[in-house]
Amino acid sequence: MYHISLYFDEKGTDKINKLIKSVEKKTGCTYMSDRNISPHLTLAVSAGEGVKAGDSDIVRLIGLRVNEFSKFKLRICSIGCFKPHVLYLQPVLSAELEELVKFANGIFDRVYGTGEKNAYMQYSRIEHISIAKRLGEPQMQAAFGALYANFEPFETEAAGIKLENTNPRAVIKKWEFIS
C-alpha cells in the first residue's frame, strides 16, 4: 500500500514526537516508534503496485505539479480517537489542506482508477495526525490522560509531501514546498 502524506517543519515534528513519546511512556504501546512512523497527515492512500522512485507515473505526476504548492501554517487544535484503537491530533481545515487532499487523490485516481473505492477521498474522512495506534481500552484512557496533561493547541508549518510505501515503511520520494 502507498500513501501521499503531508510532513511538517522541524519544530512541529518535534512537538508531535514529544506527544507520541508521552503517550508511549504512559501506555507502554510503542507501535508508532517500533514501525518508525514519523509525524504526518495522510492525504491519499492507494493499494496500487509497483511504485519505484524515479520511474513511476505517480512520482512523475506529483513532480509536475508540486511546485504549485507553498508552505502554509497548519493549526493543530484538538485531540480525538477512532474507537477502539487510534488516538490522533486534528488540524483546523484550510483551503490549502483541502487542495492538497484533492491533488493527492487525483494522482492515485489517475494512475490506479481508485475513484469511489478510496476510503481517504476528499470530504469522506477526518483529517488527522496519528499519535498512537493499536491501543486497548485501558491504554486509550491512559493515552488521553497523557495528552490532556501535555497537549496545547499549536501551529506548525506544512513543509512538503512525501510518497511512501506503508509495508514495509519506506519513503519513496519527498518534495519540499516552495516558501
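# Close-up views

**The lining of the largest pocket divides into eight nonpolar, eight polar and four charged residues.** Here Ala, Val, Leu, Ile, Met, Phe, Trp, Tyr, Cys and Pro count as nonpolar, Asp, Glu, Lys and Arg as charged, and the others, including Gly, as polar. This is a predicted model, in which local features need pLDDT of at least 70 and side-chain atom pairs pLDDT 80 or more, while totals for chains, interfaces and linings use all residues. Residues are numbered from 1 along each chain as its sequence is written, and side-chain values use heavy atoms, leaving out hydrogens and water. The pocket has 20 lining residues, with Tyr31, Ile37, Lys133, Thr166 and Arg169 lying nearest its centre. Its volume is about 530 Å³, meaning the space filled by probe spheres set on grid points joined across faces, edges and corners. A pocket is an open set of points on a 1 Å grid over the protein atoms alone, where a 1.4 Å probe fits and protein lies on both sides within 12 Å along at least five of seven lines; lining residues have an atom within 4 Å of a point.

**The chain as a whole has five helices and seven strands.** Both are DSSP runs numbered from the N terminus: helices are H or I with at least four residues, strands E with at least two. From the N terminus on, the order is β-α-α-β-α-β-β-α-β-α-β-β. Of the 179 residues, 47% are buried (buried is under 20% relative accessible area, exposed over 50%, partly exposed in between, with a 1.4 Å probe and protein chains only).

**The largest nonpolar core has 49 residues.** Such a core joins buried Ala, Val, Leu, Ile, Met, Phe, Trp, Tyr and Cys residues through side-chain atoms within 4.5 Å. Look for Leu6, Leu43, Leu89 and Ile161, which have the most contacts inside this core. Helix α4, residues 95–112, gives the most to the core, with seven residues.

**Helix α1 covers residues 10–27.** From first C-alpha to last, its 18 residues reach 25 Å, close to the expected 26 Å (1.5 Å times one less than the number of residues). Among the buried residues of α1 are Ile16, Leu19, Ile20 and Val23. The buried residues of α1 pack against several elements, including β1 (2–8), β4 (86–91) and α5 (137–150), where a contact means heavy atoms within 4.5 Å. Just after α1, Gly28 takes a positive phi of about 80 degrees.

**Helix α3, residues 57–65, has Ile58, Val59, Leu61 and Ile62 as its buried residues.** What covers them includes β1, α4, β6 and β7 (169–176).

**Pro91 sits in strand β4.** Pro91 is buried, with a relative accessible area of 4%. Beyond its neighbours within four places in sequence, Pro91 is in contact with residues including Leu41, Leu74, Cys77 and His128. The C-alpha atoms of Pro91 and Phe154 are separated by 9.4 Å, although these residues are 63 apart along the chain.

**Asn165 belongs to strand β6.** Asn165 counts as buried because its relative accessibility is 18%. Apart from neighbours within four places in sequence, Asn165 is in contact with Met1, Tyr2, Ala170 and Ile172.

Asn36 is exposed, with a relative accessible area of 64%. Arg134 also counts as exposed, at 56% relative accessibility.
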